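Hi everyone, thanks for making the time. Let me put the structure up, and then I'll walk you through a few parts of it.

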Amino acid sequence: MVSVYYKCRMRWCPSSVLHLLRCLRSRSCCRRGRNNRLPPWIRDTWAYMTVLARSLYFNSLTDSDVVFDSIFEPVFWTVDYVTRWFGMVFVCLVVLLTSSIVVIAYVVLLPLVLNTYSPAWIAWHVCYGHWNLIMIAFHYYKAAKTCPGYPPTEKNDRPFVSVCKKCIIPKPARTHHCGICNRCILKMDHHCPWLNNCVGHLNHRYFFSFCLFMTLGCVYCSISGRNLFLDAYNAIEASYQTPAPPYTFKDKMINKSIIYMWVLTSTVGVALGALTIWHAVLISRGETSIERHINSKETKRMAKQGRVYRNPFSYGRLNNWKIFFGVEKRSHWVTRVLLPSGHAPHGDGLTWEAHQVKKDLIPV
Ligand SMILES: [Zn+2]
Ligand SMILES: [Zn+2]
């Protein structure tokens, strides 16, 4: 056998290859013969363990995506774990920063407004400021505390478009799996670390209203506090001159508070304003953030085939907004949009009417 092997290495002709294969086959047969001599219980246990080991990784549907997911599973797990943990930190940060602005508004700004402004301006600032604060607090609480909506796990007759590979349950249209919540979410938009919650069918409106009213509040503070900020900034600059103006400790703290408030509200106003505009564009199109990616890919794919893609869940710009806010009559624009309202969203999030034929879904 060894001499045949070396001969093969030396001269690689078809007849010698055949001879080598024959030798290898006879050796494996011998080995199998030895296995057969083993007690049956060992052979059975070995066969059972082999099937068990193969059942752990063998899948006829395995493709490159599954292999990629499996290799990077520890990385995804770490990111999800850190995001889950940081969720509470982000929520505390939002509450702390918002509370600090409210404290400055009450302790520093309100006395200034009451002492220097006309009664009409005082009424405007007191009414608008409190309305905006109530809207921010209500929508933030509801967005963070409302469950985003989960598909049913028990057997049902509802139509579905696919099966979640992680939850092993049917996925209705617009449902996606959130790796951080580790659940399927109805009409999932995204997982928001600032809310420590997923944004889905049941809390999408609260999330958007929070972004909108927080942006309005920041812009309001930034615009109305602009002159105070400039005065405070000049006063701080002047304090570095010699001789320094006779500012008391209280004056310095007031000036620093005003600068802190203006810088924070202006920065958040710009960043959150951009996010709010982006979400407003998505709502006008009847899309979620996830569907934006899917739809843009689909649009490009169909354009190559000379066809035009149409979003099946868009019912026209105005109707999309009415459905989003749950506006069913004119007064709802005030009671359901401009005032705190806990009404349920349109539809159950499980079934969606695609390609609406009727133009005006909700007659207003
Ligand atoms: Zn899932
Ligand atoms: Zn989530």
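Let's start with residues 85-109: the end C-alpha atoms lie 36 Å apart, and the span is 100% helix and 0% strand, with helices being DSSP runs of H or I of at least four residues, strands runs of E of at least two, both numbered from the N terminus. A quick word on the model: it is predicted, so local features need pLDDT of at least 70 and side-chain atom pairs pLDDT 80 or more, while totals for chains, interfaces and linings use all residues. Residues count from 1 along each chain as its sequence is written, and chains are lettered from A and ligands numbered from 1 in the order written.

UniProt, in an unreviewed entry, places "transmembrane region" at 85-109, 121-141, 206-225 and 259-283; positions follow the numbering used here, feature names are shortened, and annotations may be inferred rather than shown by experiment. Residues 259-283 are also 100% helix and 0% strand, with end C-alpha atoms 35 Å apart.

Now, which residues does Ile-101 touch, beyond its neighbours within four places in sequence? Cys-221, Met-261, Leu-264 and Thr-265, where contact means C-beta atoms, placed from the backbone, within 7 Å. Ile-101 sits in helix H5, residues 73-116. Met-261 is 160 residues away from Ile-101 in sequence, but 6.1 Å away C-alpha to C-alpha. Ile-101 is buried because 20 other C-beta atoms lie within 10 Å; the cut-offs are 20 or more for buried, 12 or fewer for exposed, and partly exposed in between.

Finally, helix H3, residues 40-57, is hardly covered: its count of buried residues is 0 among 18.

How values were computed
Two residues are in contact if their C-beta atoms, placed from the backbone, lie within 7 Å.
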